[in-house]
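Please keep the sequence and the structure in view while reading.

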Amino acid sequence: MTSRLPIAEPAQVRRAAIALFRADKRAVAAILVLNGLAAGAGLVGPWLLGRIINDVRAGAGVSTVDRLALIIGIFAIAQFFLTRYASYVAHRFGERTAAKVREQFVDRALALPAAVVERAGTGDLTARGTNDVVAVASTLRDAGPVVIIAALQALIIVAAVFALDPLLGACGVVGLAGIAAAARWYLRRARAGYLAEGAANSDLSEILAATAVGARTVEAFGLQQQRIATCGAAIEECRRTRIRTLFLRGVLYTSVDISYVIPVVGVLLIGGVLHNHGIVSLGAVVAAALYLRQLSQPLDTILLWVDQLQTSSASFARVEGLAPDEPAAPAGNGAPKPRPIPVDDRIELTDVHYAYDTGHDVLHGVNLTVEPGERLALVGPSGAGKTTLGRLMAGIDQPGSGTVTVGQIPVTDLEPDELRRQIILVTQEQHIFLGTIRDNLRIGAPTATDDQLAAALNVVGSDWVADLPEGLDTELGVGGHQIDGSQAQQLALARVLLANPHTLILDEATALLDPTMARRTERALAAVLKQRTVVAIAHRLHTAHDAHRVAVMEEGRLIELGTHDELAAGKGHYAALWHTWHGEPATTTTMSNKPAASGTITDYGRAEE
Ligand SMILES: Nc1ncnc2c1ncn2[C@@H]1O[C@H](COP(=O)(O)OP(=O)(O)O)[C@@H](O)[C@H]1O
Ligand SMILES: [Mg+2]
């Protein structure tokens with residue numbers, strides 16, 4: 001269906017995770033020290049209990065036992081507070097880091113080329129931005145700190161058993177091998193399992209979103225059953241992948257539960273034998289057994305979260321998949337790269353080739369220079385590549401080979417705010433965002449003052465804004481003030497005016513509007529076009545007639561270029577078309593010599609005449 005967005009390799013995920021910890025070294029150090037102290041305090045209890053047993057056997061009095069018991073109590077309280085403070089520090093670290101991951105994701109998602117998002121489908125991006133980022137964030141906030149704490153505790157406990165008696169320590173470690181084996185078995189399979197589950201979730205969101213967005217089309221074509229079948233299959237795939245991960249968890253938990261008992265039993269058995277031979281004290285055996293019993297607590301915690309760690313490392317791989325390939329190399333000697341600034345307003349296309357994912361070139365070596373202040377009409381049949389060329393000129397897509405420059409700088413090298421001042425592509429689709437009118441206008445010029453906004457609205461004839469009770473503060477969009485299509489167009493044009501680019505590319509910008517609306521919008525458009533270079537992708541030939549030059553495209557090539565008079569006087573495609581159009585009141589006509597039945601109906605209808 002779609003090619004998915006990339007997924008980060010395990011090594012890349014590891015690097016990214018380490019970088020997150022590095023970024024907050026002090027917090028990480030504080031977490032480790034506090035937890036080390038807490039775990040140390042926790043060890044005192046069993047050790048003193050062992051001492052009590054040994055002392056009592058040696059005939060110690062009640063006062064000694066009381067004193068030791070009091071110390072046990074003090075250390076228990078100390079452990080409680082140290083643990084509380086450590087987890088407070090850890091959670092703050094987790095929350096900060098989660099925020100970082102979120103911000104980074106938004107930056108990266110916004111930096112993705114539009115073509116990549118289109119190809120991958122928004123479902124995948126949405127799933128990553130919601131489910132996956134939430135999974136990573138909650139791991140950083142909850143699982144991460146807890147697991148670090150537990151791992152530290154487990155290590156210290158094992159070390160303590162070894163300190164009591166190396167033989168007892170060894171037998172504990174052997175018993176733990178069972179847990180390690182189960183964990184290994186699980187971890188080997190889990191990554192693939194959870195990645196499959198994530199991909200199935202993405203597919204399901206994608207399919208559901210597409211069905212909802214295309215509901216009208218589904219109705220119109222009676223596709224309900226087909227969509228239901230598709231959704232059903234996606235749900236089944238989700239279920240299958242979930243059952244798989246559930247099975248993995250089932251095996252893990254069961255074997256771990258059994259493995260816990262083994263080291264404790266082992267220590268008691270072997271410890272008993274050793275004690276009978278007088279090799280270890282009874283106190284040491286009891287303390288070691290208690291330690292190993294204690295070990296189940298941090299290990300349980302780790303295993304409880306290992307699952308979430310696994311899911312979220314798969315999620316993190318999907319989130320990190322959006323990272324740029326090169327980990328943003330520090331430019332040269334650390335000095336930021338100078339921002340390229342165009343030397344003039346001339347747009348030059350040199351041997352431009354472009355291919356969509358389908359592979360074959362849709363532009364075959366286009367050469368074109370647009371002079372500052374020029375009005376160029378770009379005409380040609382549907383599918384000739386006009387829109388594609390417009391997108392390349394506006395720096396939205398990058399040519400496969402060849403160059404598109406403005407003032408000798410490749411347009412795709414320009415920073416977005418610089419590009420906005422150079423060239424803007426205006427299409428029929430101009431989105432009004434949720435927010436106030438002011439917010440919507442400032443998209444083109446973030447620093448514009450209210451006076452400037454009012455002036456721009458005035459130029460495009462939007463007097464209605466001033467009449468609104470809340471003026472520029474009026475909320476637009478769902479639940480807010482409703483505006484009609486021509487008002488939306490006016491706002492879009494005001495936005496362009498505020499960005500103040502020297503060149504506008506109009507891709508059939510008013511083609512779909514109804515005639516009364518188009519006339520109003522055209523007046524606004526005329527005001528916006530004043531003193532700018534204009535490339536008009538035209539569907540009506542009178543636009544071409546009024547232009548300084550006309551470029552005719554066909555099948556990805558520029559086949560004619562000249563003034564209207566030159567071309568109309570010649571014998572080329574344009575002349576043929578012009579005479580047909582001008583001579584007879586035909587509503588549509590074909591551009592090429594091919595019969596209309598071949599499907600190349602042109603855009604040159606006289607829709608409004
Ligand atoms: N997103 C896309 N993916 C694949 N092919 C595309 C895409 N957009 C356009 N094309 C193809 O590129 C060619 C040029 O399209 P386009 O630039 O839209 O032509 P025009 O604007 O002149 O009608 C057509 O063959 C079209 O099918
Ligand atoms: Mg087009």
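In this predicted model, Arg 108 and Glu 320 are both buried. These two residues form a salt bridge, in which the closest N and O atoms are 3.1 Å apart.

Asp 397 is found in the loop between H10 and strand S4 (401–406). Its relative accessibility is 5%, and Asp 397 therefore counts as buried, since the limit is under 20%. The closest N and O atoms of the salt bridge between Asp 397 and Arg 391 are 2.9 Å apart, and the two side chains also make a polar contact at 2.9 Å.

Another salt bridge joins residues of one helix. Glu 219 and Arg 216 both lie in helix H7 (residues 215–220), three residues apart, which is about one turn of the helix. Their side chains meet at 3.8 Å, N to O. Arg 216 has a relative accessible area of 63%, and because this value is over 50%, Arg 216 is classed as exposed. Salt bridges can also be linked to one another: Asp 124, Arg 128, Asp 132 and Arg 318 take part in such a network. The count of salt bridges comes to 16.

The surface also has a nonpolar patch, formed by Val 261, Val 265, Leu 269 and Ile 270, with about 340 Å² of accessible area together. Val 261 is located in helix H8 (residues 224–276). With a relative accessible area of 44%, Val 261 falls between the limits of 20% and 50% and is therefore partly exposed.

The residues around ligand 1 include Tyr 356, Val 362, Pro 381 and Gly 383. The shell divides into four nonpolar residues, six polar residues and one charged residue. Helix H10 (residues 386–393) provides the largest share of this shell, namely three residues. Several contacts involve oxygen atoms of the ligand. An N or O atom in the side chain of Thr 388 is 2.4 Å from an oxygen atom of ligand 1. For Lys 386, a backbone N or O atom lies 2.8 Å from a ligand oxygen, and for Ala 384 a polar backbone atom is 3.2 Å from one. On its own, ligand 1 has 560 Å² of accessible area, of which the protein covers 62%.

Methods
Residues are numbered from 1 along each chain as its sequence is written. Chains are lettered from A and ligands numbered from 1 in the order in which they are written. This is a predicted model: local features need pLDDT of at least 70, side-chain atom pairs count only at pLDDT 80 or more; totals for chains, interfaces and linings use all residues. Side-chain values use heavy atoms; hydrogens and water are left out. A residue is near a molecule or strand if one of its heavy atoms lies within 4 Å of it. A polar contact is a pair of N or O atoms within 3.5 Å; within protein, one must be able to donate a hydrogen and the other to accept it, and residues adjacent in sequence count only if both atoms are side-chain atoms. Accessible areas come from the Shrake-Rupley method with a 1.4 Å probe; for residues, only the protein chains shown count as cover. Helices (H or I, at least four residues) and strands (E, at least two) are DSSP runs, numbered from the N terminus. Ala, Val, Leu, Ile, Met, Phe, Trp, Tyr, Cys and Pro count as nonpolar, Asp, Glu, Lys and Arg as charged, and the others, Gly among them, as polar. Patches are made of residues with over 30% relative accessible area and no salt bridge: like charges are joined within 9 Å, nonpolar side chains (Val, Leu, Ile, Met, Phe, Trp, Tyr) within 5 Å. A salt bridge is a side-chain nitrogen of Lys or Arg within 4 Å of a carboxyl oxygen of Asp or Glu. Buried means under 20% relative accessible area, exposed over 50%, partly exposed in between (1.4 Å probe, protein chains only).
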